Amino acid sequence: MFNKKIEDFFKKHNLWNKEMFSYIYSISNEVDYYDKNINFAVGCPPKVNNHTGKIEGFQLTIPYCVDGITTMIAVHEIAHAIYWYKKIGQTYDEIQEELFPMIVERLYVEENKTSTLESYEKFLDSTIDSKEDSSYSFALVNRESFMKTNLDDFKLFDKSARKLARKWRRKNR
Ligand SMILES: [Zn+2]
């Protein structure tokens, strides 16, 4: 099991179910985020089939949750895992992959406000160039419009995200 604070947060937003979380936990690894020699491993890359372009699974490495920042990062990476879990069998679209985790991360920061967390999130956002054509800028530009919608209806979220991605591509082509 992930720590109680993390599980409770996802339960509160109806993003927790036993089977999914048992699976995600069973494949997860933890590393020391403050050890510069190993923290590059933190992340949740998908496994995409080279021939079909479809998502087949994912890997998950989160930090040991020792403070607000490491818990926030773990929440972000677990949100990636939830996203991939729900998208298994579907076509991978790189541009959309940061949107769901960045929305979930923002919710976590809003509900667990400390000046450290807020300024760390601002710092992360400031590293994203909103004019760049990347999954981070796509998420940064579109995140606000999702902050008041229910994430528990994943199909609806996904439909809106795909629509925004199509619009984004038309504009950035
Ligand atoms: Zn991410």
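A nonpolar core is defined here as a set of buried Ala, Val, Leu, Ile, Met, Phe, Trp, Tyr and Cys residues joined through C-beta atoms within 7 Å. A residue is buried if 20 or more other C-beta atoms lie within 10 Å of its own, exposed if 12 or fewer, and partly exposed in between, with C-beta atoms placed from the backbone. The model is predicted: local features require pLDDT of at least 70, side-chain atom pairs count only at pLDDT 80 or more, and totals for chains, interfaces and linings use all residues. Residues are numbered from 1 along each chain as its sequence is written.

**Figure 1. Overall arrangement of the protein.** Seven helices and four strands are present, where helices (H or I, at least four residues) and strands (E, at least two) are DSSP runs numbered from the N terminus. Their order from the N terminus is α-α-β-β-β-β-α-α-α-α-α. The radius of gyration is 16 Å, close to the 16 Å that the globule rule gives for 173 residues, so the protein is as compact as a globular protein of that length; the radius is taken over C-alpha atoms, and the rule is 2.2 Å times the number of residues to the power 0.38. Along the principal axes, the C-alpha atoms fill a box of roughly 45 × 35 × 35 Å. Of the 173 residues, 27% count as buried.

**Figure 2. The largest nonpolar core.** This core has 34 residues, and those with the most contacts inside it are Val-75, Ile-78, Ala-79, Ala-81 and Leu-99. At least two core residues each come from helix H1 (4-12), helix H2 (18-26), strand S3 (55-58), strand S4 (60-63), helix H3 (68-87), helix H4 (99-111) and H6. H3 gives the most, with ten residues. Leaving aside neighbours within four places in sequence, Ile-78 is in contact with Phe-2, Ile-6, Ile-24 and Ile-62, a contact being two C-beta atoms, placed from the backbone, within 7 Å.

**Figure 3. Packing of H3 against H4.** The two helices pack at an angle of about 145 degrees, with their axes 8 Å apart; axes are lines fitted to C-alpha atoms over the stretch in contact, and angles run from 0 to 180 degrees between N-to-C directions. From H3, the contact is made by Met-72, Val-75, His-76, Ala-79, His-80 and Tyr-83, and from H4 by Phe-100, Pro-101, Val-104, Glu-105, Tyr-108 and Val-109. These residues divide into nine nonpolar, two polar and one charged. In this classification Ala, Val, Leu, Ile, Met, Phe, Trp, Tyr, Cys and Pro count as nonpolar, Asp, Glu, Lys and Arg as charged, and the others, Gly among them, as polar.

Figure 4. Pro-63 is buried because 23 other C-beta atoms lie within 10 Å. Not counting residues up to four places away in sequence, Pro-63 touches Glu-30, Val-31, Tyr-33, Val-42, Thr-70, Ile-73 and Ala-74.

**Figure 5. Two loop residues, Asn-14 and Phe-146.** Asn-14 lies in the loop between H1 and H2 and has a positive phi of about 55 degrees although it is not a glycine. Asn-14 counts as exposed, because it has 12 C-beta neighbours inside 10 Å. Phe-146 is placed in the loop between helix H6 (135-142) and helix H7 (154-172), and with 21 C-beta neighbours inside 10 Å it counts as buried.

**Figure 6. Position of Asp-125 in helix H5 (residues 115-126).** Asp-125 is partly exposed, with 15 other C-beta atoms within 10 Å. The C-alpha atoms of Asp-125 and Met-102 are separated by 9.8 Å, and the two residues are 23 residues apart along the chain.
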